[in-house]
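Hi,

Here is the structure we talked about handing over.

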Amino acid sequence: MSQRLHSDIDVDSHPGRKATISREDLIAAALKLIGPHRSVSSLSLREVAREAGIAPNSFYRQFRDTDELAVALIDLAGQSLRKIVGEARHRAATRRSIVRSSIEAFMEQLRADDKLLHVLLREGTVGSDAFKRAVDRELSFFEEELRVDLIRLAAIDKITLHEPALVARSITRLVFAMGATAMDMPREKDHELIEQMSTMVRIILAGSRAMAAVGKAANVGN
């Protein structure tokens, strides 16, 4: 008997189960099961199938395994957060407000019990190697978008940044590391945490400008 036929029989034998399922349905089911203290990597195929109301074999019509489902969740999380933070950056008028508004948008999303963001933050530290690679790929998208913004703002201000790509990477990794820590901290600490992150980011930017100025002076001297 083929896997597909077996799956159809399994569905028919349980009237409450759905006959068809989409990738979005399975992603929604997985999101219902995870939380701030439960990683997507701990989910079993049967758990997700039961939450989605399908036979376990029907899961394979959309994903090879739970690892592929987890990577899809990480990709979706990255897309969602990039949109939110990107909108905050473009609403800001100055470099200082861009730093602050981006961090505030990040923290607001974290406190909104955004399970997609929790996935992105958790899987980068506790997930499998495949999940960590997926998170790293999403972070690289953030870094590239931030690098472009930093170069654009530096040109407007007529200043030079030393290694803008490395600056963008430093800022991105800092904010995500602090965000992962913030998930286990009380909300009352948010203001203090935002202030700390904003100051750290400005220090990174100031250091980059200073290094660029030193390099420029050295070149002139030669």
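A word on burial before anything else: I call a residue buried when its relative accessible area is under 20%, exposed when it is over 50%, and partly exposed in between, using a 1.4 Å probe and protein chains only. Please keep in mind that this is a predicted model, so local features need pLDDT of at least 70 and side-chain atom pairs count only at pLDDT 80 or more, while totals for chains, interfaces and linings use all residues. Residues are numbered from 1 along each chain as its sequence is written, and side-chain values use heavy atoms, with hydrogens and water left out.

G86 has a relative accessible area of 10%, so it counts as buried. This glycine sits in helix α4, residues 66–91 (helices are DSSP runs of H or I with at least four residues, strands are runs of E with at least two, and both are numbered from the N terminus). G86 and E145 are 59 residues apart in sequence, yet their C-alpha atoms are 8.3 Å apart in space.

E145 also makes a salt bridge with R82, with 3.4 Å between the closest N and O atoms. (For a salt bridge I ask for a side-chain nitrogen of Lys or Arg within 4 Å of a carboxyl oxygen of Asp or Glu.) That pair ties together distant parts of the chain, with E145 in α7 and R82 in α4, 63 residues apart. R82 is buried at 16%, whereas E145 is partly exposed at 31%.

Helix α7 itself covers residues 129–157, and its end C-alpha atoms are 41 Å apart, which agrees with the 42 Å that its 29 residues should span (the expected span is 1.5 Å times one less than the number of residues). Its buried residues include F131, L139, F142 and L146.

D190 is buried at 12%, and R111 is buried at 16%. Setting aside neighbours within four places in sequence, D190 is in contact (heavy atoms within 4.5 Å) with M107 and R111.

K189 and E192 form a salt bridge too, at 3.9 Å from N to O. K189 is partly exposed at 38%, and E192 is partly exposed at 41%. There is also a network, in which salt bridges with shared partners join D136, E143, R169 and R173.

Of the 19 lining residues, V85, R89, S102, L146 and I171 are the closest to the centre. Helix α5 gives the most to the lining, with 6 residues.

Cheers

Note on methods
On a 1 Å grid over the protein atoms alone, a cavity is a set of points where a 1.4 Å probe fits but cannot get out, and a pocket is an open set with protein on both sides within 12 Å along at least five of seven lines; lining residues have an atom within 4 Å of a point.
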